[in-house]
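Reader: I would like a close look at one part of this model, a sheet and the helices around it. Please walk me through it piece by piece.

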Amino acid sequence: MSQPPKISRRDLLKSGGSAVTLTIASGVTLMAFGGSEVQGAADAGKRWGLLIDVNKCAKDCTACITACQDENGWKGHGNRETDAQWIRKVTLKNKATGHETAMPVMCQHCEKPPCVDVCPTGASFKRKDGIVLVDKHICIGCRYCMMACPFKARSFVHEPTNNQSVNAPRGQGTVESCTLCVHRVDKGQIPACVEACDATGNGAMIFGDLKDPESEISKRLAEFPSVALRGDLELNPGVRYAEL
Amino acid sequence: MRLALLFLGLALALVSPASADGTWAGLGPSVPKATGEPHPEGNAYMRRHHMQLMRHDRNLTVHDGDRDVGASLSECFECHAVEDGAGGYVTYESEQHFCRACHDFAAVKVDCFMCHRSTPEGFEEPPMHAFDATPEQDIQVTRSFLDHAFGPGKSDGGRTE
């Protein structure tokens with residue numbers, strides 16, 4: 001039994017809103033032609049993503065984690081419960097067959113990030129190019145985002161910090177997570193984990209623009225099956241897994 | 001905050017005639033000497049506006065990904081790093097730190113270095129004093145402070161009978 005689509009007051013308001021946005025957007029475009037466009041900025045025409053081929057990920061290899069720590073300057077204090085983990089190796093075991101699968105899990109850079117929905121200050125935000133970040137200037141350390149994240153991707157910094165990387169300032173009382181190496185992406189480079197994975201010869205990670213049909217990642221996704229973690233939540237993450 | 005800045009501005013204005021010969025007369029903060037070319041905007045401009053410059057750029061960088069910014073904190077330390085005498089640089093923990101020279105004087109606490117590093121890139125900062133201290137060391141420091149303030153043996157607050 002099918003019902004005719006109902007147009008609610010809310011939908012009407014939303015459609016009106018989009019018309020206004022269009023007007024504003026064209027104004028912005030005109031300004032951009034005037035030369036006020038920011039160089040090297042996050043580009044709304046792109047959506048950065050990762051494709052992780054789980055079959056190629058060696059079980060005992062932690063090159064991506066080490067590279068992430070070196071690049072972003074996070075480290076443990078010997079307390080498993082509270083130590084920061086921007087990226088971790090997760091091992092899955094099929095109880096029926098005994099087959100074990102290892103794969104890196106980090107912030108999945110969702111299209112509809114629950115961490116952004118719950119943030120009371122706007123510190124948790126999604127960049128125009130789909131990278132989900134924490135603006136630590138306005139993070140109050142409430143950790144709602146940590147509870148909202150279905151991937152346990154975020155960490156809270158419990159200890160005072162020093163000797164931080166210039167790439168990734170991090171401090172006590174704020175939440176942090178994988179930035180998809182945004183400082184490198186803005187310079188046209190690939191994330192440190194992907195680079196390290198390539199260097200080991202495993203080549204289990206591919207980084208690229210999901211909106212560009214000609215990018216390697218888009219071609220692979222189109223050709224071969226892949227899954228999103230917790231696909232049932234319909235968050236449309238930017239990180240995808242193949243052979244899982 | 002605004003009052004404190006005003007006070008700092010006044011204090012600097014009062015002191016500046018004395019600094020004409022390159023030395024501070026002791027009325028104002030003793031600002032560590034920088035290396036490199038002076039700011040084209042002039043020191044007076046930077047003293048008043050450095051935070052506005054950085055606040056503007058931080059939003060551009062974090063939210064819009066603009067990395068080609070005019071003022072970045074890490075760039076400050078290319079010239080404004082104070083050497084610690086052992087081949088390294090002092091961190092914000094030290095009273096000698098460039099930023100603390102004025103901000104301590106004006107009693108303004110700077111939060112930047114809760115997250116940002118306070119030394120030039122590439123320098124391996126020593127472990128933080130506060131973080132690496134054991135509870136025993138903390139007690140020792142407190143006891144020696146109280147001994148100094150109230151006299152030896154009174155550091156328990158005079159509660160022992």
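Author: A helix here is a DSSP run of H or I with at least four residues, numbered from the N terminus. This is a predicted model. Start with helix α6 of chain A, residues 192-200. Its buried residues are A:A192, A:C193, A:V194, A:A196 and A:C197. The cover over them includes α2 (63-72), α5 (182-185), β2 (87-93), β3 (100-106) and β8 of chain A. Just after α6(A) comes A:G201, with a positive phi of about 90 degrees.

Now take β8(A). Four of its five residues are buried, so this strand is largely enclosed by the rest of the structure. β8(A) runs antiparallel to β1(A), and five bridges join the two. Within that pair, A:L50 stands opposite A:F207 of β8(A).

Next, the whole sheet. Four strands of chain A make up an open sheet, in the order β8-β1-β10-β9. The pairing is mixed. Its edge strands are β8 (205-209) and β9 (226-227) of chain A, and each pairs on one side only.

A helix lies against this sheet. α7 of chain A, residues 216-223, packs on it. This helix touches β1 (48-53), β8, β9 and β10 of chain A. The direction of α7(A) makes about 110 degrees with that of β8(A).

β9(A) is joined by two bridges to β10(A), residues 239-242, and the two strands run antiparallel. There, A:S226 stands opposite A:A242 in β10(A).

Terms used
Residues are numbered from 1 along each chain as its sequence is written. Chains are lettered from A and ligands numbered from 1 in the order in which they are written. This is a predicted model: local features need pLDDT of at least 70, side-chain atom pairs count only at pLDDT 80 or more; totals for chains, interfaces and linings use all residues. Two strands pair if DSSP finds at least two bridges between them. Two residues are in contact if their C-beta atoms, placed from the backbone, lie within 7 Å. Axes are lines fitted to C-alpha atoms, for helices over the stretch in contact, and angles run from 0 to 180 degrees between N-to-C directions. A residue is buried if 20 or more other C-beta atoms lie within 10 Å of its own, exposed if 12 or fewer, and partly exposed in between; C-beta atoms are placed from the backbone.
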